[in-house]
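Dear colleague,

Please find the structure below, handed over for your work. My notes on what was found in it follow directly after.

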2 protein chains.
Amino acid sequence: MNSLIFWPIPIASIIALVFAWIFFKSMMKGEEGTDLMIKIASHVRKGAMAYLKQQYKVVGIVFLIITLVFAFLSYGLGVQNGWLPAAFLMGGFFSGLAGYFGMKTATWASGRTAHAATVSLNRGLRISFRSGAVMGFSVVGLALLYISIWWVVLDTFIQAPDPRYKTMIMATTMLTFGMGASLQALFARVGGGIFTKAADVGADLVGKVEAGIPEDDPRNPATIADNVGDNVGDVAGMGADLYESYSGSILAAGALGAAAYINADPGHQYGAALAPMLIAAIGIILSIAGTFFVRTKDGATQKELLASLEKGINISAVLIIVASFLALRWLNFPNYLGVWGAIVVGLVTGMIIGKTTAYYTSSEYKPTQEISRNARTGPATVIIAGLGAGFISTAIPVLAIGVGTALAFFFASGGLDLSNINAGLYGIGIAAVGMLSTLGITLATDAYGPIVDNAGGNAEMAGLDPEVRKRTDALDSLGNTTAATGKGFAIGSAALTALALLASYFESVRLGIVNAIRKSGSYLFPDGTEVSSLEGISGLSLIDMVQSFEVHLLNPKVIIGLLLGAMMAFLFCGLTMNAVGRAAAQMVNEVRRQFREIAGILEGKSEPDYARCVEISTIGAQKEMLFPSLLVIFVPVLIGILFGVPAVIGLLAGGLSSGFSLAIFMANSGGAWDNAKKYIEEGNFGGKGSEAHKAAVIGDTVGDPFKDTSGPSLNILIKLMSMVAIVMAGVTVGYSLS
Amino acid sequence: MNSLIFWPIPIASIIALVFAWIFFKSMMKGEEGTDLMIKIASHVRKGAMAYLKQQYKVVGIVFLIITLVFAFLSYGLGVQNGWLPAAFLMGGFFSGLAGYFGMKTATWASGRTAHAATVSLNRGLRISFRSGAVMGFSVVGLALLYISIWWVVLDTFIQAPDPRYKTMIMATTMLTFGMGASLQALFARVGGGIFTKAADVGADLVGKVEAGIPEDDPRNPATIADNVGDNVGDVAGMGADLYESYSGSILAAGALGAAAYINADPGHQYGAALAPMLIAAIGIILSIAGTFFVRTKDGATQKELLASLEKGINISAVLIIVASFLALRWLNFPNYLGVWGAIVVGLVTGMIIGKTTAYYTSSEYKPTQEISRNARTGPATVIIAGLGAGFISTAIPVLAIGVGTALAFFFASGGLDLSNINAGLYGIGIAAVGMLSTLGITLATDAYGPIVDNAGGNAEMAGLDPEVRKRTDALDSLGNTTAATGKGFAIGSAALTALALLASYFESVRLGIVNAIRKSGSYLFPDGTEVSSLEGISGLSLIDMVQSFEVHLLNPKVIIGLLLGAMMAFLFCGLTMNAVGRAAAQMVNEVRRQFREIAGILEGKSEPDYARCVEISTIGAQKEMLFPSLLVIFVPVLIGILFGVPAVIGLLAGGLSSGFSLAIFMANSGGAWDNAKKYIEEGNFGGKGSEAHKAAVIGDTVGDPFKDTSGPSLNILIKLMSMVAIVMAGVTVGYSLS
């Protein structure tokens, strides 16, 4: 039975990678277009690869240092499981690999998409969607493969007298294995976000505003950097982000499942621990099936295009709901029906958040149109309206996650009281897995956006027929809607994953206490309870531990943590916003310098130095990403050492509650400004070139770091703080000063 | 002994009111200036009074309805103490009265300040500072008088066998008495904030930007409304806000003191419960003493002026530290030294927050200068830089409150563990009282700002010598610095007060349980514990209650509350920002209409219809303030009924942690944009009229609702949610569905 449950998981992961390869090959068969198109695409590709090389160099050094620290903690102090250093490195590597595959594909695909768009809209959609699918299936395939490999390794090496303890130890050990992916994701999001927005803002400010040349004009030295940015930020960054949510949610739910069913039949507990992976495996296969429903007849309208994308996702979702019911019935652990309910809750919650995001950011609805209307009275009112709409847009997603959390808990535990808290928390964890089960296909529709964006840039720079640009613009606009939905998923799943990690944190703490008892014979809880045997600590229920750690809201340590956690989200936003500002200022100076020093640029007679702009964005991003990212690692450790477990839990809860709202606010304000500008460009309130349009462009520029740097990075901040806390639980328990 | 402790309190409150009267009389002796000045001042005064009349009418209706609800809850359902309806009405009345006194004074003073400034800078400072002091001492005097009256009333009517229970019941009953002031304050802040910014933004957009006439130009129809706004928003709103923090902190600390010393000698417990009022009384007397040190020689520089204001505050603070030590030693309850330490911590924390606010918003320091520098590349970079700086500026205040909370708890309880939690929470409560003990004088330096701002407007409109405007501008700029410090105090004290209210919430819950047991014989806690006797519930320690209510961070109800609480802060900001946007749009239309329809306005030949603009702002404010304000009342009640005590505590903690950072962010971004614009106007980066200046004006306009509407209203949101929860604890306990 055991291997029968397990083996579908790695098999599904390999199928995902095989399909990613097939989609890649199919895309590469497309034609690259004219010489100029090839040259432009090669500029972008070279720039993107140059960035990635530099990025991975810097990140590699950080990873090596942290691996050494982990090795010291593991083999020197013994407060860490010995697998962590290797798992950390490998997690970072796999996550980076997923970003690399996605970006490599995207940079090969944009020229081909532009060329396909010369033939038909439909051809353009097909090639770009396929390329997005490479990313989607690389992410889910690599994540599940990574988890499968470690499951086999731990299964081989870990010994325990009772099979239930073995499952528990394996699941809890693997919980710490997400940190490598988290850290890689943060660097990818922050670095990529700074790169892309420095280039974008810099290109806009000098090119559009000062020199008065259009967007994506080849005369603008920063235009290649801008297009490179779409790839390194929106493709590689987004991929690493969701790789991280995906693996984090599976690992957290697995640990919660092992804990929830610790007193059940060993086979049932094993099933509950593996269920998240199995649901993920089912999701992969049915997402692949869904991609084959994404097809349209030639000459389809934009609405029909969107419908065809949504059809693919919806078919996958419905199939997953059915198949996961069958799988859980097969596993047959107690209350599997409730667990299935939690999966459905997760999927539905994700869809609600996605639809809300679309409502608040699409120009088809009132909020964004109102922002456009406010452009008539100038930039100040555009900004105020956009901020106001963004603030208000937090309400429904937060309500959805709140209600979803309650329902998932309720279904899985059979009530809202805490008599069955472990099962309830498992429900929350598996709801996150449910929400992300369609990731293969949702990420495909998401990664497709920057590809068509780049295709548009390529068409513009290569001087193709305006009709082609119109087609890529139609695809791009469609991409904006799917990207909004995708961002909603990214934020929603981050919140649920962080909640699951918050709960599973205590299992890591328990392992830390086991270490402490092994070393010094006993452990003293803050409330005065002393435990001096391994049986004693194993026998403590979650509620016992929560009470002994006094993790309640009147404990000043919890309050301090809560305040600091909330503040961390704000501080992080400020640091990343300022980073974009500084990097963009350097870009502005460079573009001005080239306009001044390289004769004939503006007449189109000589080529600007594109590579120099890419280099400036790269250096800026590398320099600026380190401090905020390292802060996210150090603060949970420091707080843990100063104030112990209660403050850490407070920190995570504060970061989650405040960071979630802040992330939605920033993503939606930014998205709405972007589309408010486009709405005016479509001819409303004066159209292109009007005063209203100028005001809306300013709103869009402000929104750039909102939606592409600070906002999405917050998703990872929330999860990475939890991951660091989980990994460092041993240090917090063993070396806390209070 | 008892009366010896008590009577200094009402005496001090009356002394405060007497001094307020003396300062008022002394201001009224000043000359009003030319006929035109008198006429302008009378326009502003009439507008302000018209607004206040309308405001109090609407608020009065809301108060009547809520009083009826409270009467029903008290006498019908019996879940409320019978004093509440009267106390609620009276609290609202006193808070409104404080605002009325302050505003009345301010509107009489601005013309006189303008006239005094024609003589000398120093004369202008003296008259405006005296007028600010009327406000400061009205607020503290009325608040302490209100508390004293109720203390005497309850002392007369409440009977209890044990004097310690009597003190406890009195203190806990009075805890609910702050809600009237809170609600009045919210209406004042939100209504005043919408009024002032609708007028300001409307006046700027059409007057400055479209018609190109300077600020405070009498040809602008919205200019009187703009000046009225300074009075209703910054004077009456700020006064009601701090009245609320002041009385709330005293009441919360009193209840915490009574609970902390419930097992001590009755006299000592009585002393601990009254200590917050006594410290406040001492603060009043020594603040009055401080005002007499605010004097400068003629021809003083601005730095010297600021130094003289700070000298007054610092002398008060030092004297309060010494006198409160003596007072506590006289009361001599156990660990009075630790409690004194908490007072000092509160005072120092307030100063740190004030200084930080000044650092991040004054153009003398790098952050604001950086924002100015960013104006050279246009409005987008100004906005990004201002938001970035605002986000970052949350770090130090949150750290200060976090560390201050820990230290206050530590000093008062003798450790950071929870063995003496009641004493520790009392320490947090009394730290809030300590922070606000200098309120009489700090509020004077704060309310003085809008008075000189109006004086400048008066001088401009009356066409006085530019030298006079220069002097009022110097005073105004000084006022900006003191206002920043004042805003820092308002936010910091709100956070500490909310923390104290969070802790004292459980005492209200305990009373609710007493009612439930009286009614149905027993009460079942969420964790299954059942209590069926009044002795049983009285005997439960705070920690017992916290554990029985399962108020920990793994309870999904707490998590839901936390997420919703954080979201409430964002939603509230969005609603108020949009309200300003809508009201400002109406103002824009009205000003445009007047320019169009009233011939000769722009040539200065005919007078604009000022009153109509005041009316539009008034109607807009009244219409827009209701929904967000009522939301703040309903949500805690609804959450309590749906999910019970754990969710309410989560809601309050989420609102506090996220709202605190959000409030600082908004206040500081707004303040920094304002001063960044002024910095450019002083001749930097191109000076007045340059492109950089235009960009900075846009930043300033965006900042208007940040710093004067949404940001400061958040202070009250945090406290009012706690107050509502406390008042409705009986309903939550008796009628919760889960």
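In this predicted model, H13(A) passes H23(B) in a right-handed crossing. The helices concerned are H13, residues 379-392 of chain A, and H23, residues 691-727 of chain B; their axes come within 8 Å and cross at roughly 35 degrees. From H13(A), the residues that make the contact are Pro379(A), Ala380(A), Ile383(A) and Ile384(A). H23(B) contributes Ile698(B), Thr701(B), Val702(B) and Pro705(B). Sorted by class, the contact of H13(A) with H23(B) has seven nonpolar residues, one polar residue and no charged residues.

As for the relation between the two chains, chain B is superposed on chain A by a rotation of 180 degrees with 0.0 Å of shift along its axis, at an RMSD of 0.0 Å. This is therefore the relation of a two-fold axis. Within chain B, His552(B) has the C-alpha nearest the axis, at 2.0 Å from it. Both copies use the same surface, as 100% of the contact residues of chain B recur in chain A.

The contact between the chains takes 73 residues from chain B and 73 residues from chain A. On the side of chain B that touches chain A, helix H20 (residues 556-597) of chain B gives the most, with 19 residues. By class, this side of chain B has 49 nonpolar, 21 polar and three charged residues.

H15(B) is mostly covered, with 16 of its 16 residues buried.

In H10(B), the buried residues include Leu305(B), Leu309(B), Gly312(B), Ile313(B), Ile320(B) and Leu328(B). Which helices do the buried residues of H10(B) pack against? They pack against H5 (121-157), H9 (266-291), H11 (336-361), H16 (439-461) and H17 (466-520), helices of chain B. The counterpart helix in chain A, H10, holds Ile321(A). Ile321(A) counts as partly exposed because 17 other C-beta atoms lie within 10 Å. Leaving aside neighbours within four places in sequence, Ile321(A) is in contact with Val344(A) and Leu347(A). Ile321(A) and Ile343(A) are 22 residues apart along the chain, and their C-alpha atoms are separated by 7.7 Å.

Most residues other than glycine have a negative phi. H10(B) is followed by Asn332(B), which is not a glycine and yet has a positive phi of about 60 degrees. Asn332(B) is placed in the loop between H10 and H11 of chain B. Is Asn332(B) buried or exposed? Asn332(B) counts as exposed, because it has 11 C-beta neighbours inside 10 Å, and a residue with 12 or fewer is classed as exposed. In chain A, Asn335(A) is found in the loop between helix H10 (302-331) and helix H11 (336-361). The phi of Asn335(A) is also positive, near 55 degrees. Asn335(A) counts as buried because it has 20 C-beta neighbours inside 10 Å, and 20 or more is the cut-off for that class.

Two further buried residues may be of interest. Tyr610(B) is found in helix H21 (residues 610-643) of chain B and counts as buried, with 23 C-beta neighbours inside 10 Å. Apart from neighbours within four places in sequence, Tyr610(B) is in contact with His43(B), Pro221(B) and Ile224(B). Tyr610(B) and Val44(B) are 566 residues apart in sequence, while their C-alpha atoms are 9.3 Å apart in space.

Lys678(A) has its place in helix H22 (residues 645-681) of chain A. With 20 C-beta neighbours inside 10 Å, Lys678(A) counts as buried. Beyond neighbours within four places in sequence, Lys678(A) is in contact with Ser363(A) and Ser477(A). Between Lys678(A) and Val697(A), which are 19 residues apart along the chain, the C-alpha separation is 9.1 Å.

Yours sincerely

How values were computed:
Residues numbered from 1 in each chain as written. Chains lettered and ligands numbered in written order. Predicted model: local features only at pLDDT ≥ 70, side-chain atom pairs only at ≥ 80, totals over all residues. Axes fitted to C-alpha atoms, helices over the stretch in contact; angles between N-to-C directions. Helix = DSSP H or I, 4+ residues; strand = E, 2+ residues; numbered from the N terminus. Left-handed = near helix turned anticlockwise from the far one by under 90°. Contact = placed C-beta atoms within 7 Å. Nonpolar A, V, L, I, M, F, W, Y, C, P; charged D, E, K, R; others polar. Least-squares fit on C-alpha atoms with pLDDT ≥ 70 in both.
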